[in-house]
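Dear colleague,

I am handing over the structure below. My notes on what was found in it follow directly after.

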Amino acid sequence: MSTLEANAGHHHDEGSYFDGPPGMMARIWQWSTTVDHKKIGVMYLVAVLFMFFLGGMAAIGVRYELLDPIRTQTTEFVNAAGDIETVTVTTGESLKELMGGMFGEGVSGSQIYNRVFTLHGAIMVFMFIIPAIPAALGNFLLPIMLGAKDVAFPRLNLLSWYIYVVGCLFGVLSILLGGVDTGWTFYTPYSTTTDADHWRVVLMVMAAFILGFSSILTGLNFVVTVHKLRAPGMGWFDMPLMIWALYATAIIQVLATPVVGITLLLLIFERVMHIGIFDPSLGGDPVLYQHFFWFYSHPVVYVMILPGMGIISEVIAVNARKHIFGYRAIAFSSLGIAGVSFLVWGHHIFTAMGELAAILFSGLTFLVAIPTAIKMFNWVATLYKGSIVINTAMTYGLMFLFTFSIGGLTGLPLATLATDLHLHDSYYVVAHFHYTMMGGTVIAFMAGLHHWWPKMFGKMYSEKGAMLGAALVFIGFNLTFFTQFFLGTQGMPRRYANYVDEFQTLHQISSAGSLILLVGFLVHLFVFVQSLLSGDKAPANPWGGLTLEWETESPPIEHNFHKEPILKHGPYDFETTVPPHWDPKDYPLPENAGKH
Amino acid sequence: MTMIDTDTSGVPARILKSPMHWRNAKHQSHWRSGDEEFDAAKFGMWLFLSTEVLLFAGIFCGYAVFRMLYPEAWANGSHSLDWRMGAANTAILLFSSWTAANAVRLCQLDKQFWFKINILITILCAIAFVAIKFTFEYGIKLPEGKAPGTFFSYPYATDPHEPLWWSLYYIGTGIHAFHVIIGAFLFAFVLWRAHRYQAYGPTQYTLVENSALYWHIVDLIWIFLFPLLYLIH
Amino acid sequence: MMQTLASAQPDILQKLIFGETPAPSEAAAWSDGLFLMITWFSIFFFVLLMGLMVYFTIKYRRRPGVPAQPSPHHNLLLEIFWTVVPSSSLIVMFVLGFQGYTSKVVSPDNAMELKIQGSKWSWIATYPNGATSPETQALSRVVDNENHTVIEGKQYPIFYLPENTDVKLRMMSTDVIHAFWIPEYRTKMDVIPNRYTGFGFRTPILTPGDTYVHRETGEVMPGRDMWVFCAEYCGDDHSRMAATIRIVPQEVYDQKMADWSVKLSPIDAGIKIWTQLCKTCHETDGTRLVGPAWNSFKNADGEFGFGYDALLEDGSSVIRDANYYRESILDPNAKIVKGFAPAMPSYQGQLSEEDIDNLIVFIQSLSDRNPNAGQDAGDAEEAGSDTEAGSDS
Amino acid sequence: MSQDTTNASNNLGWDPIDPHGINPHDEAHKGHFVADWKMQISILVILLVFTVLTVGFYNLEQWAETAFEITLPKWINIAGAMSIATVKAILVAAFFMQLKYDKVLNTFVMLFCLFCVALFLGFTMIDLGSRHLVDPERAPPIVAGGTGVGLNAAPVDKKFSLILSPKVNTGGSNIVYYARLHGNEEKPGLLYYREKGDEASFWKKFYGAHASGRDELDERNFYEQLGFTTGTSISDSNASHPRYGLTPGLFSDVDPKTAESQDDGH
């Protein structure tokens, strides 16, 4: 029953990382030049949440437009003189009525819709979901969980934050100039020909290119940190699963992102110079672009989901007070997913590629299902004989198991060739990836945010308010996206502002769900703001975790630990170890502890 | 870490006492030792080099795919290049790679003068490479109309897909030349610091080592670009 | 003959997922069946996982002072079991999916070939005899008898196909990537500008219940309508790039083919091209769409229509004569009318000289400065043949 | 990984000298590897020799082709050049970059990266090379669409069409030999003639003797740009090709000017 000797006593002489010099300007200067991974993590968090807000607003815009189809209709009627008159009217241009002025004169409702959904996709993918967990939570947690003072290259870390901000500025600038209508995937030859007299598209592509650099540098930093800065005593299999997940993520970031770099560079050349590599009129191949793009963008969906899986491993183990079931299986399946992710990009192009390649990629795609399924089984098995407490983080954790298993299982018909020909580019795909990306990553992000909020900011939040928010998010999310599976199978294509009448009911349910979702997130925002302003002081270890971040104070001190921590127990040895800062009397250990 | 006790009699006290001098440099506080920091930096550099390789993979992939589709255009394109210029540039890069490796070795042995000379030669080689590329290759091809994509207007073209070959040629060699220029700036920075502070020595040569590694990968990529563009037809 | 996995009579789940109408071909029914099979597989595992999760969460909820019970941290046999069993069913899915894919992508040698051309934002189908379909219908049509109004949306082409026939599509795009999706056949394929793509299907045998309402006469005719959507994002009016496939009895189809192969008068031919290609962006009743309308009228932006001066972006003006229209069709960005975006693609290579001439005749006929005015249809035809002679000289 | 915590204090489970257990016996802890200068210079010599070899191989092949018309199969050329390049690359990586003396991890990083490159190239080529398998018609390329600024299409922007690119009929031989044979390649093409003010005679010779003509209109328009006619007559209908200005309309026109010229045409 050894507690840790390293931090046995509380030293309150060293201030938290939040403390700074007096004066507004001095603090701003301190934050903008900091190399402290915690401050950088928090700065990432703020930027990422702002982007989430922007992208979310665009999503609400999309759902608002889809309440009604945009329809140009001809009405014949008999006027007062008895003659038949014909009038053509366009109805259902909801967004245009709401915000048409933003996009200038002469822009139709469909064009506005196209720009808004592109905005939603590009912001959510490049500026929110890729950096959300690794760069914000990961930056904060990775060194602390490893017992290190900082990441391997702190200045590089700050640089990658600035690169991220510059990338976002490019994106926002492109939106302010009127937005782009290419779709976030920038498929050629549409992206090289649309909006030909403007720099907006180039700006958006540049934004994605720049954000790629930020992603590479963060990944590189994390890989080196995990290799070189583990606390004494921490072997590879003593690392928390969150670290394994971040490690696998970082590998993908390092290896996949350069390919999108060259792809977007070629796209820019193609657009401004017509070099012809993706241009069919010069003999180039437009589908080659899709290969280039998805070689990055498929692995990158695992950049989005793997850290989420890491969070879920932590949250479930801590709140079930249970050793995670099949530690090695989960750790290796993270690496397995990272490896397999490079083999399966072709399933995004089944309808455009040669038959042989389609069959090959279909077979390989099923491989991804295996490590994911292993993780699901292991998480559920971890709950067995636990001591499960339902707090907000755990609620989100269980919610993740629900939504992500729907997301994963609905991926099976998309990997199956015969059914994919029907479902590809339909609303089914939209629903599927929202169940994995939103139901997976965003919900895991919320779980992580609630789990580590006390650690990051030193304040507790209102559990009741947060639970209300979680319930609203759960209802709203399922209402929004479950309907879309049926839209897809019945024949509703993606990216449509106009649709046939029979789809309207389902679209309206979906739009109603998106409003509930919005309210849910606003509740969370309120709870967080209230926590920052008037939350109770958080204890060092509110949930009874065993990983190293719970050994230091909340919020952590400047250099994370008073003394270099020495690892003496595994991250999930709840059966044999009393968590740091906990009273052994409050924490009964099993009688036959240590047998397993 | 071995401390090589070198002769410092000729070095002015101003430089010896400078915090930038290699004897006075300290590792960052989150590392346990300078050794670990060096290892980590090198490992990080290797990861970065792998991203460079993957960046060029896009160009190699485009090359391979279109070579498969339009072998005629590719043969014509490769015949239009002057192998002598390519070979000269290959020799220059190989030689500069050697001087870069030499620079690392001399730095490890604290032979400051020869170390700087080697860095200088490397920079000069970089300049020569870019100069040959721009004057004897681009400078001759472009006015002839052998330009990328729609700028292509070479009157003797026989295959409609030759513009694609030139696109890939200019982008591949252009991005490579850009890397060469970055490498030259990197070495110039090293040279300046070495000259001003004697910042690199047996215990402190991370940047030298990493710049050299970067330079070698630029060389490696050219080793493949050269036969692909100039020799295979 | 492949065996279908789905029953001929769709059950409730099938109806909920794929809609009321049964799948029209065996390949479609096969893929529905496969989808349902995967769905049941998914439901099984989902219920299993969620059931266990909820059960554990309730049973082992935290009670004060009660520790978690120790249990093994891993169990190799169990883990191998739950890795291997689902994985092997994945192999089954792959093989069945491969089989279904083959039946959709490969079509018999004697299949009728329908050429599909996608362009922003319309579909054109060319039949084996070279005819194209001039018929259109709206996405929705509401007849309000009380107010004597008919509300119709945009017009989309109808492609007639004979019943009980193998059809093979040969598709190509003239600008960007589109995708030809027939939801009822559960198949789509991208339509790409640098190569032909395609898939095949077999049209069903019509049953007495398969009827459609004739647009003009209101008659109920035997036939079956199916939507075609563009599924690959292709720009502004992507969501209006639709068409209808109408399966009709063989004799109706033969009659249509015979009708359509008749040579049209220049003006009718012009109308046909307009309906197929231009109508998405150019109206003929003064409505402003992406491009200016073609009839003659006057508004704040200036004068419109054949024979009137066009105000250009740079402030100059140019008369809209035949040359102007020809240039605008072949090199649309050369002269941009003030207030409009340079959004039109070039039709170089897509329209023959004759097509362009016919289109110009149609545009002229919309203007009150029509140079051909006063001539009857025969004269108009003569004018057309005159031009042909001119181009031969 | 669940450690026996009871005796953790006397058995740490890790080496205090090498806490990560990465390289317990690595040279690096006693001093970094310093390369041998003799070895380095011999590597440089070997690399240069290989460069001479590969260039020599290329020239030998060319010579065999021109002098004796022996055309070696393509794969010999590719395999020769690429295997020499690979050997050179391995030498640079192992000795100049010191992978041979470095941690295995760094080599592993590079190898895994190369594995990804291979996947990327391999699968993409499988797709683009196998599109004709089921239906030969589905193979690329047909040329349409896209930016529409292909060499045969009407230019979107006039600046893309300053110089036209007519086709040359070489009678089947390689363009470079053809050009050398006719002495054209030695002079820097169009620019040379333009500077000498002799462009007209060049084009006259060019079209008269060799060009099969990419596009009749291109030829004619080019001549017109240069200020003289080819003597070929092109119909009015074709002359209204939009690339270089417009010609009279086809129907009775409102504009008298164009009507006049139409009369001339008939």
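In chain C, strand 1 (residues 112–119) and strand 2 run antiparallel and are joined by five bridges. Strands here are DSSP runs of E with at least two residues, helices are runs of H or I with at least four, and both are numbered from the N terminus. Within this pair, C:Gly118 stands opposite C:Trp123 of strand 2. Both strands belong to an open, mixed sheet of four strands in chain C, in the order 2-1-7-10; two strands pair if DSSP finds at least two bridges between them. Strand 2 (122–126) and strand 10 (200–202) of chain C are the edge strands, each pairing on one side only.

Please note that this is a predicted model, in which local features need pLDDT of at least 70 and side-chain atom pairs count only at pLDDT 80 or more, while totals for chains, interfaces and linings use all residues. Residues are numbered from 1 along each chain as its sequence is written, and chains are lettered from A and ligands numbered from 1 in the order in which they are written.

Chain A has 17 helices and two strands. Its C-alpha atoms fill a box of roughly 95 × 55 × 55 Å along the principal axes.

Chain A also touches chain C: 92 residues of chain A and 86 residues of chain C take part in the contact, where two residues count as in contact if their C-beta atoms, placed from the backbone, lie within 7 Å. On the side of chain A, helix 11 (residues 355–383) gives the most, with 13 residues.

With kind regards
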